[in-house]
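Please keep the 3D view open as you read.

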Amino acid sequence: MAVATPVPRLEGFDHTLPFLREGYDFISRRCDRLQSDRFLTRLMLRPVLCTRGAEAAEMVYEGGRFTRQGALPPTTLRLLQDKGSVQQLDGAAHLHRKTLFVDLLMNDRAEDEVVGLFREEWRRALSKWMRRPQIVLLDEVHLVMTRAICRWTGVPQEEISAEEMAAILALMVENSGRIDPSVLLALMRRRKLERHLEGLVRSIRNGQVQLPPEAPIVQLARFRDFKGDLLPEKTAAVEILNILRPTLAIGRFIVFAAMALQEQGDWRNKLLGADDAAYEFFAEEVRRLYPFFPLVGGIAVASFEWRGYPIETGDWVLLDLYGTVHDQRLFANPDNFDPNRRLTWRSQGYDFIPQGAGVTSRTHRCPGEQFTVALMREATRMLVEEMEYEVLPQDLSMPRNRMPTRPKSGMIFSNVRGRAA
Ligand code: HEM
């Protein structure tokens, strides 16, 4: 039974500047100091309840108490999920659209297909990397991911090349947490890609482009909303982007996996010849330890009481995902890298929540976790079993006020070679 405790309020009128300065650490630091998993403040002049922990995750994810509409700065929204997307829907409309993503992405057949294409693209790229003195892993992996996911979804790579597509998708991810003029360029380039995908949806619908009916892009183009109508072309394009962009974003986790191999002890030798499960536990621990998606927001759609505190319709709440997976009450020695925690997204709980909490099919939890972990598993396997490289001195620091952050160098590999079996 949860105990009602008073909710502390931060001193000072608004904390936007400290939030931008401290980034990933902003909420947790204050929770630790106040010895409370929730506190009140203002961000961007707007009152907000900041929360962390499993109980808060359950409150934000279960029971349909929150909408994501109005919960993120508009530029972040436009660069990530966007208006009309599944994440912006609520209630029956959300559940209906969510089945599309769950059916497409969360099954072993789809996993095998995407992993097979990813391996092909990685090996093709590896033969080119071996002819260069050095590569920037983050850029190269973005390209590999883009080629693989375009092939899987059925998005042609002729009119907009994989290189251009990867550059646009990467710009969206890089700038999603910024609120300065650099987002304008990212938004303009996103619009170009969106228009291209809208044209593709139109051509699939009118038969000008013929693709197998089971191709994900055809299923998206032909999907009907819960009233039985086809999605507007723009919305269908937004949802295609909601598969392409986050798959490219897995590249960041793959770079973090490469960093973990480099800096977290002798995992390269421990993993050599290991089975899928061992590689997945490694990948899951990378998802827990390394900073990616910092927090999610919601706006209450009803009034209710949470642990003695009244939340009114329209109240803004933030949930600290990063802080929750670094909470020492949930994860012993949270700053230690330890794949023996044997974490898995399949538990669908409220503590291990790098990509959202609860049961995926009925909440806003990410439907891309199976793809994410499978592709990280395979990438780590390639790094360990199929190639050798040198990591010469470089700036691998990751600014904690940049969200999402990345190693400054992008992780440079020198003298890449294939590994003799
Ligand atoms: C790169 C690693 C990824 C991270 C860090 C990530 C993070 C997240 C988070 C935190 C949410 C929950 C948002 C909320 O509660 O408002 C989410 C939702 C979502 N993600 Fe991911 N994701 C990743 C990969 C993927 C992949 C690979 C796909 C698809 C192929 C995907 C598609 C989606 C969609 C469609 C939603 C909206 C779900 C809904 O509102 O019901 N994500 N993601």
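Strand β1 (residues 38-43) pairs with strand β2 (residues 46-51) in the antiparallel sense, over six bridges. Pairing here takes at least two DSSP bridges between two strands; strands (E, at least two residues) and helices (H or I, at least four) are DSSP runs numbered from the N terminus. This is a predicted model, in which local features need pLDDT of at least 70, side-chain atom pairs count only at pLDDT 80 or more, and totals for chains, interfaces and linings use all residues. Residues are numbered from 1 along each chain as its sequence is written, and side-chain values use heavy atoms, with hydrogens and water left out.

β2 also pairs with strand β8 (residues 316-320), in the parallel sense over three bridges.

Which protein atom is the donor to the ligand's iron? The single one is Cys366 (SG), 2.3 Å away; donors are N, O and S atoms within 2.8 Å of the metal (3.2 Å for Na, K and Ca), and sites may look incomplete as water is not among the atoms. Cysteine 366 sits in the loop between α14 (321-324) and α15 (369-386).

Isoleucine 179 lies in the loop between α8 (162-175) and α9 (182-205). Isoleucine 179 counts as partly exposed because its relative accessibility is 48%, between the limits for buried (under 20%) and exposed (over 50%), with a 1.4 Å probe and protein chains only.
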